[in-house]
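Dear colleague,

Please find the structure below. I would be grateful if you could look through it alongside the notes that follow.

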Amino acid sequence: INLDRIKKIREELERTKKRMENVHYVREGTYIGKIIPDIAGNLISEVAYYYRVPVLNQEGEITSKYYRYFPGNPMESAIKSLAESGLLGGQSWKYDRRPFAKIIFFVHRFDGQRFGPEDGFGPGVYLFVINSKPIIQSVRLALSNIFLFDEGMEEEGLKEALLYFNPSVPNKGVSLSVVKGKKPTATLTTTSGVKIPPVEVPSWAKAMSVDEM
C-alpha cells in the first residue's frame, strides 16, 4: 500500500471539497458585485454540454448528476437506451442534455427570497454555474454590449469598461438579475452607485481558467 499516494489523494479531496463550497448554481434574484476575469482574461466560460445520469444517493434514493457530454460518449447511448426502455422510470429519467457556463462572481449583496446568509451564502467570491440556455445567452449578449464601442473610441471605452471588472477598483461593479421559470431571463448592467469594496481574489480563482474549473 502506497501511504504517500493515499495521503496525496486525501489532500486533493480536501482541497476539492473546500473549492466546492464556493460553487453555486445561479439562483433567482439580483446579485450586486463584480464578475472577475480569470487568469486568461475570460469573463465567462465556453458553453459546455452535460447529460443527466441517475445515481443512488446515501439515503438510497434515486437522484441525478451531470456529466460532460461529448460526441460518441458510450454513456450517451446507454442512457438513451435505458430511458427509452422504461428502466429509468419513464419520462422523468428521459435523456437530458443541458448547456452549462461558468463565471467568477464577487457577491457584495444578494436580493432574493430563495437563498440567503442562513444557507451559508454571504458576501464572497463564488464560481457560479449557469445551466439555462436563455440566461447564458442573455449574460453573453450583455457582456458583449458592454464591450461594444463606437469606431475610434475603442481604447477609451475599454479603459472605462474594465474598471467594472477590475477586482481592485472599488464602487464599480455589475448588477445581475435572474428570473427563473418557464421563460427564464437575465439582465446584466454596470453600476457605480453601490459601495463595493476592493475584492481580495482567492487563490483558487487565480489558479486556472474558468473553463478548467
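The notes below cover a lysine, a hairpin and an asparagine.

This is a predicted model, in which local features need pLDDT of at least 70 and side-chain atom pairs count only at pLDDT 80 or more, while totals for chains, interfaces and linings use all residues. Residues are numbered from 1 along each chain as its sequence is written, and side-chain values use heavy atoms, with hydrogens and water left out.

Lys 34 belongs to strand E2, residues 29-35 (strands are DSSP runs of E of at least two residues and helices runs of H or I of at least four, numbered from the N terminus). Lys 34 is buried (under 20% relative accessible area, with a 1.4 Å probe and protein chains only; exposed is over 50% and partly exposed in between). Lys 34 has no salt bridge (a side-chain nitrogen of Lys or Arg within 4 Å of a carboxyl oxygen of Asp or Glu). The nearest side chain of opposite charge, Glu 160, is 10 Å away. The side chain of Lys 34 does reach the backbone oxygen of Lys 172 at 2.4 Å, and one of its polar atoms lies 3.2 Å from the backbone oxygen of Leu 163.

Strands E3 (residues 48-56) and E4 (residues 62-68) run antiparallel and are joined by 7 bridges. They form a hairpin with 5 residues between them, and Gly 60 in the turn has a positive phi of about 80°. Val 55 stands opposite Thr 63 in E4.

Asn 171 sits in the loop between helix H4 (154-162) and strand E7 (173-179). Its phi is positive, near 70°. Most residues other than glycine have a negative phi. Asn 171 counts as partly exposed because its relative accessibility is 33%.

Yours sincerely

Definitions and conventions. Lys and Arg count as positive and Asp and Glu as negative; His and the chain ends are not counted. A polar contact is a pair of N or O atoms within 3.5 Å; within protein, one must be able to donate a hydrogen and the other to accept it, and residues adjacent in sequence count only if both atoms are side-chain atoms. Two strands pair if DSSP finds at least two bridges between them.
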